[in-house]
Amino acid sequence: MQMMTWDVLLEMEPEEDDDEDGDIGDDPASKRPFLTPHALLPSSQVLGNLEQTIVPTFGNLESQHNFRTPETAEFNGKSDALYFNDGQRRIDFVLVYEDERRKETNKKGSNVKQRRKRQAYESNLICDGLKLEATRSVVDDKLVFVKVHAPWEVLCTYAEIMHIKLPLKPNDLKTRSSAFSNFNWFTKFFQVDENIIKPEQEFFTAPFEKNRMNDFYIQDRDTFFNPATRSRIVYFILSRVSYEVKDNVKKFGINRLVNSGIYKAAFPLHDCHFSWPSQDVSCPNERYLLYREWAHPRSFYKKQPLDLIRKYYGEKIGIYFAWLGYYTKMLLLAAVVGVACFLYGYINQDNCTWSKEVCDPRIGGEIIMCPQCDKGCPFWRLNITCESSKKLCIFDSFGTLVFAVFMGIWVTLFLEFWKRRQAELEYEWDTVELQQEEQPRPEYEARCTHVVINEITQEEERIPFTAFGKCIRMTVCASAVLFWVLLIIASVIGIIVYRLSVFIVFYAKLPKASNTTDPIQKYLTPQTATTITASIISFIIIVILNMMYEKVAIMITNFELPRTQTDYENSLTMKMFLFQFVNYYSSCFYIAFFKGKFVGYPGDPVYWLGKYRNEECDPGGCLFELTTQLTIIMGGKSIWNNILEVVFPWVMNICRLYFTASSTEKKTPRWEQDYHLQLMGKLGLFYEYLEMIIQFGFVTLFVASFPLAPLLALVNNILEIRVDAWKMTTQYRRMVPEKAQDIGAWQPIMQGIAILAVVTNAMIIAFTSDMIPRLVYYWSFSVPPYGNHTDYTMKGYINNTLSIFNTSDFTERSRENLDSDLGDHTTCRYRDFRYPPGHPQQYKHNIYYWHVIAAKLAFIIVMEHLIYSVKFFISYAIPDVSKSTKSKIKREKYLTQKLLHENHLKDMTKSFRVIAERMGEVIDNNLRPKVE
């Protein structure tokens, strides 16, 4: 039967907008292109139809009687079936809706309108060549499942429109043996069993063209388009089919229908249950294989089957797991070096002279420190910080310096080798020229109402807004992002005020004696208590602000209206990361570079907001506080994310099954089983990337204060890979497969973090740790003319680095602290390099201070230039694309062009031969009578 050549569109009366989440799907009907049936039309004609402006209408709501409806069928009892009831047509997509005629809560008028919109949409899908079959739910008779099948002609047409690359002939290029081929006996233990997951056959590919169909490697029409490709094509159609005209504006797309509740869900099918293989012998059981060899906990040590992941979920999911696996593998080296540096500090902590002086009752026990606040803070003995000084010796050692330099080089190696690995995947997965193939987003196409002249083609084209309108949108978006960044900074200031105010309380409540036997009292100093509570509050604020900003960032990006899905995700990525960067790292930057740096001295302290006295660091510096902050945030973030990723979807699925009226004795079809799984939205993968990049920042930016960060990240990532695999395979519906060439905007973000990490680690060592002051004392101030020792030594370092203050010089604001249980004292000590009272330049910075400042600046300059020089050399020496990959790409391109050219010549030769034979017959027929 010849198909209809028009779309069925409803012309509706004005009503409330059904776009609940701001998803754009409107367009003036006079300008919006629509899809036209194409069962027997060439692709060029379909492309032309996409630019037509035909909008037929069929009267009012009640007069619509020409809808084409889906076929209806009852469930045939085959729970693993992936085909229509006829067993021939494969299910490429499933739409789910709730029958309005069986609803009891909604208004009747609203139900009728929703049903009409859905009927118009399904009618247009049928007109566009798709086959639909509706089956009522086995569990809940209000639910109806509409199964969608794309026939061969539809697949071919849209494969050409979407520039999908398909096989031409098997790839006969020889693969080079691996450098580790001699260790196959060892690496085989980590490999996936090839007898279970067989390697994919490689092909030469080219963008599909219907008029060259004979050139492609079509052995079986049913398997030429794999299920992932079929789902992509069907989703492309579903996203662009219209269903309504309202106020001369077309509404279209399955996303809008789902958001407005007309459909409950839309998804492609899993091919089987994850726990057992399908009973259908034709089913590839790829989900079962992925769960068994990839997502199951017992497979945590095995390499990932990336080709099967890509085949089942698409390139976008595949490239994420490829990157995460490569990042985890590179973390192994960083973790080994980090543990070695940590053990070096741990073993040598008994040789830490300055820590021994702090703990020595004759030195640290006799040093009386000045109060660190104006009210409620007494004098205190230095040796109460004994335990924290011992811990600080582990992290503030020479090994930390070596590790910081190593990590600056490691991050460059990781990024450069990942680029090479990414280029290999681009070749293997046919995404080298993906940017040329990507189609505009339907939301972008809907807004293309302005006509401009293309500077290159000099032809008319449509764009969504003018240059002035684009500037307005960019200004509004930038202002919104800036507002939220300032809001985070305000929350950080609030945390600082909390630290300053609660420090007084802890000083008044916690014991000050150093000889206490209670382990909690021994370790929980006022500084430690303040740091821990502030870190926990900071983490809670981070989580709350994240939830708020996610929705704001999506709204801003929707308003910005990027052209392609890649542009959309890159724009959202930059906004979200800027926010997360300030949100997660601001407290660490405060402790590392601001706390204790601008405190003045006891006679002239610096005040926040004129009220709160600025915080001071422990006598050993703020490095241990920074380590505590990193441990709490990294640990809390990992635990929280794992709870959300594992427990939440599992509990939701259990609750969803519990509250349905299902009976365990009833067989349910595959589409109904998948419907009861959780939905992984379009931004689901985005949040996975974001989580890992934030971790990458912690591992690189502040690694000088916490050498064990790579080890924690390594353990987390080993679990993360399997948790993400388990979640996608068992708890979520199958995502619509998407193409991706690389990891997108995350690559330049990591490069920016790598450059910033060199600066932050150099400054942590210079300004946060006490390494430079100790080196200056050892080489300059422990021996004459500044010191009294005959040999270079660290003895006397604590006494030399604590300045003296006369208690009679306290301000009126601080005099109430002079009464102390430590007795009457005329002097106290504080952490700074200043001249003592009575000196002509009392309380001014001394010569030691200026030596230390010069050494710190020299260290930063030397370390930065050294590491940057090595980084740039490595970047230059390691090409982004390996020589072998370049050769493969050029070779495949040459052979593909040669093959297409030869086939084209064969077709032309055959055509000319036919023409010549016919001309010969005509000539013979014309000459034969004359000869006779």
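Are Cys 370 and Cys 828 buried or exposed? I looked, and both are buried (under 20% relative accessible area; exposed is over 50%, partly exposed in between, with a 1.4 Å probe and protein chains only).

I note that this is a predicted model, where local features need pLDDT of at least 70, side-chain atom pairs count only at pLDDT 80 or more, and totals for chains, interfaces and linings use all residues. Residues are numbered from 1 along each chain as its sequence is written, and side-chain values use heavy atoms, with hydrogens and water left out.

I searched the whole structure for disulfides (cysteine sulfur pairs within 2.5 Å) and found three.

I started with Cys 370 and Cys 828, which are joined at S to S 1.8 Å. Their S-S torsion is about 90°, so this disulfide is right-handed. The pair links distant parts of the chain, 458 residues apart. Cys 828 sits in strand E21 (residues 827–831); strands are DSSP runs of E, at least two residues, and helices are runs of H or I, at least four, both numbered from the N terminus.

Next I took Cys 352 and Cys 393, with S to S 2.3 Å. Their link is left-handed, at -70° about the S-S bond. Cys 393 lies in helix H12 and Cys 352 in the loop between helices H10 and H11, so the pair ties together parts 41 residues apart in sequence.

Then I checked Cys 359 and Cys 386, joined at 1.9 Å. This link is right-handed, with 100° about the S-S bond. Cys 359 is in helix H11 and Cys 386 in helix H12, so parts 27 residues apart are tied together.
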